[in-house]
Amino acid sequence: MQRNNNEENNAGNMRLVQAQLAAYRLGIQRRMMKKKASESEEDRSTTSRPGGNLSYKRNTERSGSFSTRTSIPAKCIASKNEMQCFSDWQLTVLKWAIWGVLFALFIELKFGAVYFVLSLFYFIYLSLRYSRRKPGEASAYSVYNKNCEAIDGSLTADQFERELRYKP
């Protein structure tokens, strides 16, 4: 009697575990389908506007049974409560304003020259190219190009000698 009761209890537990596993698998399938649908919707909704070269995405928000669609620039900073969008020139002005305020502060602290020199080094670092050349792109140094070919507009030693010999 005790053994039959344990077997029934184990069978009930097994059915419960199987039901939970099936529900879990169904949830995974639904999430994957939603993810694929959202990726395909995102691909279809990314367009380029004729007024400029900014890329826009359509954002769909659901509230109750209504859905609202808005077009927002791709370069938006999302916060928890709201979305703030800045254009490139606004960010540039903000960066220069912060730099100017810090420069004035360092002048007051008698470290203005140090701040200016370090800023110059930082701007030089930002302007350096940190990505690799694309395949087929010529290097500015001819020794790194195929057959040591120089790029257009560079002055070669042969050209320099020809120009020295044939003075006008």
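The chat below goes from the overall fold to rings, pockets and a loop.

Q: What kind of model is this, and how are residues numbered?
A: It is a predicted model, where local features need pLDDT of at least 70, side-chain atom pairs count only at pLDDT 80 or more, and totals for chains, interfaces and linings use all residues. Residues are numbered from 1 along each chain as its sequence is written, and side-chain values use heavy atoms, with hydrogens and water left out.

Q: OK. How many helices and strands?
A: Four helices and five strands. Both are DSSP runs numbered from the N terminus: helices are H or I with at least four residues, strands are E with at least two.

Q: In what order do the elements run?
A: From the N terminus, α-β-β-β-β-β-α-α-α.

Q: What share of the residues counts as buried?
A: 5% of the 168 residues. Buried means under 20% relative accessible area, exposed over 50%, and partly exposed in between, with a 1.4 Å probe and protein chains only.

Q: What about contacts between residues at least 24 apart?
A: They make up 4% of the contacts between residues at least 6 apart in sequence. Contact here means heavy atoms within 4.5 Å.

Q: Switching to rings. How many aromatic pairs are there?
A: Eight, from a search of the whole structure. Rings of Phe, Tyr and Trp (its six-membered ring) pair if their centres lie within 6.5 Å; planes under 30 degrees apart are stacked, over 60 edge-to-face, and the rest tilted.

Q: Why does the pair of Phe-103 and Phe-116 count as tilted?
A: The ring centres of Phe-103 and Phe-116 are 6.2 Å apart and the planes sit at 50°, so the pair is tilted.

Q: Where in the chain are those two?
A: Phe-103 is in helix α2 (residues 88–108) and Phe-116 is in helix α3 (residues 112–127). They are 13 residues apart, and the pair links distant parts of the chain. Phe-103 is partly exposed at 23% relative accessible area, and Phe-116 is partly exposed at 38%.

Q: And Phe-106 with Tyr-115, why stacked?
A: Their ring centres are 4.8 Å apart and their planes are at 10°, so that pair is stacked. Phe-106 is partly exposed at 29% relative accessibility, while Tyr-115 is buried at 13%.

Q: Which residues form the aromatic cluster?
A: Trp-96, Trp-99, Phe-103, Phe-106, Tyr-115, Phe-116, Tyr-122 and Phe-123 form one cluster.

Q: Pockets next. What is the volume of the largest pocket?
A: About 240 Å³. On a 1 Å grid over the protein atoms alone, a pocket is an open set of points where a 1.4 Å probe fits, with protein on both sides within 12 Å along at least five of seven lines; lining residues have an atom within 4 Å of a point. Points are joined across faces, edges and corners, and a volume is the space filled by probe spheres set on them.

Q: Which elements give two or more residues to its lining?
A: α2 and α3. α2 gives the most, six residues. Trp-96, Trp-99, Tyr-115, Tyr-122 and Phe-123 are among the lining residues.

Q: What classes are in that lining?
A: Eight nonpolar, two polar and one charged. Ala, Val, Leu, Ile, Met, Phe, Trp, Tyr, Cys and Pro count as nonpolar, Asp, Glu, Lys and Arg as charged, and the others, Gly among them, as polar.

Q: And the second largest pocket, what classes line it?
A: Four nonpolar, two polar and four charged residues. Its volume is about 200 Å³. The lining includes Arg-133, Tyr-144, Asn-145 and Ile-151.

Q: Ser-139, buried or exposed?
A: Buried, with a relative accessible area of 8%. Ser-139 lies in the loop between α3 and α4 (157–165). Leaving aside neighbours within four places in sequence, Ser-139 contacts Arg-133, Tyr-144, Asn-145 and Ile-151.

Q: What is phi at Asn-147?
A: Near 55°, a positive value in a residue other than glycine. Asn-147 is exposed at 71% relative accessibility. Cys-148 also has a positive phi, about 50°.
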